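Here's a quick tour of the charged side-chain pairs in a protein model. Have the structure open as you read.

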Amino acid sequence: MLKINSMRFAAALLLALASFVASPNAALPAATQHHDQAPGFYRLKVGDLEVTALFDGTGVFDPHWLNGTKATMDGVQKALHEDPHMLDVADTGFLVNTGKQRILVDVGAGTWWGDGAFGRLAGNLRSAGYTPEEVNIVLVTHLHSDHVGGLTTQDGKRVFPHADVYVAKAESDFWLSPDIAAKAPKDAQPFFQSAQAIAAPYIKAGKWHTFSGSEPIVDGMELVPLSGHTPGHTGYEFLSKGQKVLFWGDIVHALRVQLQRPEVTAMFDIDQTAAAATRQQLLTRLAREDVLIAGPHMNFPALGRLRKEGSEYSWAPVVFTDQWDKHAPSPHK
């Protein structure tokens with residue numbers, strides 16, 4: 001009797017094991033997926049400078065916002081059918097730690113642009129080991145809300161309470177002028193309204209400063225006038241130990257269109273002719289020199305260099321490394 005029961009037990013055990021092998025996950029709980037990504041910051045070293053890209057969000061550049069010849073725009077539409085992500089863009093600000101000062105160059109859109117798609121910069125600043133209260137200076141390339149919206153909350157509070165904000169006088173005079181705003185087309189009115197609301201608390205606190213030439217603001221930093229996009233559109237070029245990084249604002253909106261066709265402009269360019277000429281001149285220089293470029297609308301981390309390929313240009317992006325002090329090798333070496 002004992003022998004028969006043992007045989008039955010062995011058979012039952014083998015059946016159970018066979019069932020487990022046939023469906024090994026049958027008894028396992030459901031595997032929960034996690035949809036959050038890592039914090040959006042990336043830092044590297046330029047000479048003695050620590051440069052940290054701070055992700056604010058992503059969007060899509062509408063092809064109707066681009067101005068080019070019919071043949072060029074037909075080509076853009078065709079390319080979009082083949083790759084719907086061709087005009088995907090990012091919005092990025094940058095922190096430069098000089099060892100003495102913590103300087104932001106542009107601060108993203110905050111809640112002033114994009115219907116909730118942006119506004120991550122301050123959180124990513126904290127993830128990178130800094131707080132908004134530690135920022136000493138904000139350098140503004142121009143006053144479009146996707147570059148300065150992160151300065152101010154919708155209820156008028158300064159996000160960077162101890163920072164002095166610097167912007168070109170021509171830029172400030174244009175967007176903050178009630179007279180110019182009153183005469184602007186209806187679809188341009190929101191740009192004036194947001195710029196004035198964003199700037200107001202810094203002006204009230206005596207933290208809003210303008211420049212009109214090459215006056216010194218930060219040691220080792222040079223102002224680079226980039227006319228066309230807006231009246232006072234300005235880049236900032238830092239030099240440390242022979243290495244350069246240029247924060248170029250809105251020289252390029254649509255990476256895969258405007259590097260191949262620098263003559264293509266954006267509807268946001270106030271002076272279309274000047275914007276195209278400035279882009280062409282700057283691309284020519286940067287492809288020839290060893291300059292790291294920080295472009296707010298390039299794919300994150302929005303850092304890279306230019307290569308010249310015939311009459312076109314290509315983007316050599318910074319490639320991820322977990323060694324923060326390693327910068328992308330120059331394409332010229």
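## Ground rules

This is a predicted model, so to speak of local features we need pLDDT of at least 70, with side-chain atom pairs counted only at pLDDT 80 or more, while totals for chains, interfaces and linings use all residues. Residues are numbered from 1 along each chain as its sequence is written, and side-chain values use heavy atoms, leaving out hydrogens and water.

The structure holds nine salt bridges, each being a side-chain nitrogen of Lys or Arg within 4 Å of a carboxyl oxygen of Asp or Glu.

## A pair within a helix

Lysine 169 and aspartate 173 form a salt bridge, with their closest N and O atoms 2.7 Å apart. They sit four residues apart in helix H5 (residues 169-175), which puts about one helical turn between them. Helices here are DSSP runs of H or I with at least four residues, strands are E runs of at least two, and both are numbered from the N terminus.

Aspartate 173 is partly exposed at 40% relative accessible area, and lysine 169 is also partly exposed at 40%. The cut-offs are under 20% for buried, over 50% for exposed and partly exposed in between, using a 1.4 Å probe and protein chains only.

## A link across the chain

Arginine 305 pairs with aspartate 290, the closest N and O atoms lying 2.9 Å apart. Arginine 305 is buried at 8% relative accessibility, whereas aspartate 290 is partly exposed at 32%.

Salt bridges with shared partners join Glu237, Arg285 and Glu289 into one network. Within it, arginine 285 and glutamate 289 have their closest N and O atoms 2.8 Å apart.
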